[in-house]
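This report is an introduction for a reader who is meeting the structure for the first time. Please look over the sequence and the model before reading on.

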Amino acid sequence: MLQIFYESQDFFLLKELEKLGPRKGVISQSVKDVIQSLVDDDLVSKDKIGTSVYFWSLPSSAGNQLRNVYHKLESDLQSSKKRLVELVDQCDALKRGREESDEREKALAELKAIEQNYHALKMGQYTDNDPAAFDAKKEAIEIAHAAANRWTDNIFTLRQWCSNKFPEAKEQLENMYKEVGITDDFDYLELSAVPLSEAAD
């Protein structure tokens, strides 16, 4: 349909285009939709003069449209590259500081210590079981467990965002994950149920 405009560089009514369309392989019933699509993409212009609607398109108009698209894509590419550099810098800073890893390891250590205390209590090493103390420890376990999994969830979210935003840097990101200790078996922690009846024995 664009060839019709470019070859003639003339103005057309829709009725005229429906007659010319089949010569370019476009059935007349589809001409209206094709023309509207070209208008929506700014490749064809239209204007109402009196009671008639005229359509036209010049090769220079298509060139300008393509140049605008190119400049926009180029701008988006530069913004994405800049964002990638910023993200890599942030990840490097995170790797040096190890803030998230330290927090998670601390939560894991607290959870392990509390679980060890619970098992010692369960095995009868303490004869004087205080229900209030047990409840406090149980609550601490749940808090530590939630904190550990919250950091794990944050890490998974960051990984997914990086993969979606920078698919071309997949290998670089995977190497960085391994360097900071995020391996293939990295996963959420499961909390074993603590039977209250056993704690009261």
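## Charged pairs and their surroundings

E86 counts as partly exposed, because its relative accessibility is 33%. The model in which this residue is seen is a predicted one, and the values given below should be read with that in mind.

E86 takes part in a salt bridge, its side chain meeting that of R83 with an N to O distance of 3.4 Å. R83 is likewise placed among the partly exposed residues, because its relative accessible area is 28%. Both residues belong to helix 4, and because they are three residues apart there, about one helical turn separates them.

How many salt bridges does the structure hold? The structure holds two, and the other joins K24 to E7, whose closest N and O atoms are 3.3 Å apart. K24 lies in the loop between helix 2 (14-20) and helix 3 (28-40), while E7 lies in helix 1 (residues 2-8), so this pair ties together parts of the chain that are 17 residues apart in sequence.

Is E7 buried or exposed? E7 is exposed, because its relative accessible area is 58% and the cut-off for that class is over 50%. K24, at 34% relative accessibility, counts as partly exposed.

| Salt bridge | N to O distance |
|---|---|
| K24 and E7 | 3.3 Å |
| R83 and E86 | 3.4 Å |

With a relative accessibility of 40%, P59 counts as partly exposed. Which residues does P59 contact, once its neighbours within four places in sequence are left aside? The contacts of P59 are then with Y6 and Q9. The C-alpha atom of P59 is also separated by 8.4 Å from that of F5, although the two residues are 54 residues apart along the chain.

D184 counts as exposed, because its relative accessibility reaches 75%.

Definitions and conventions
Residues numbered from 1 in each chain as written. Predicted model: local features only at pLDDT ≥ 70, side-chain atom pairs only at ≥ 80, totals over all residues. Heavy atoms only, no water. Buried < 20%, exposed > 50% of the residue type's maximum accessible area, 1.4 Å probe, protein only. Contact = heavy atoms within 4.5 Å. Salt bridge = Lys/Arg side-chain N within 4 Å of Asp/Glu carboxyl O. Helix = DSSP H or I, 4+ residues; strand = E, 2+ residues; numbered from the N terminus.
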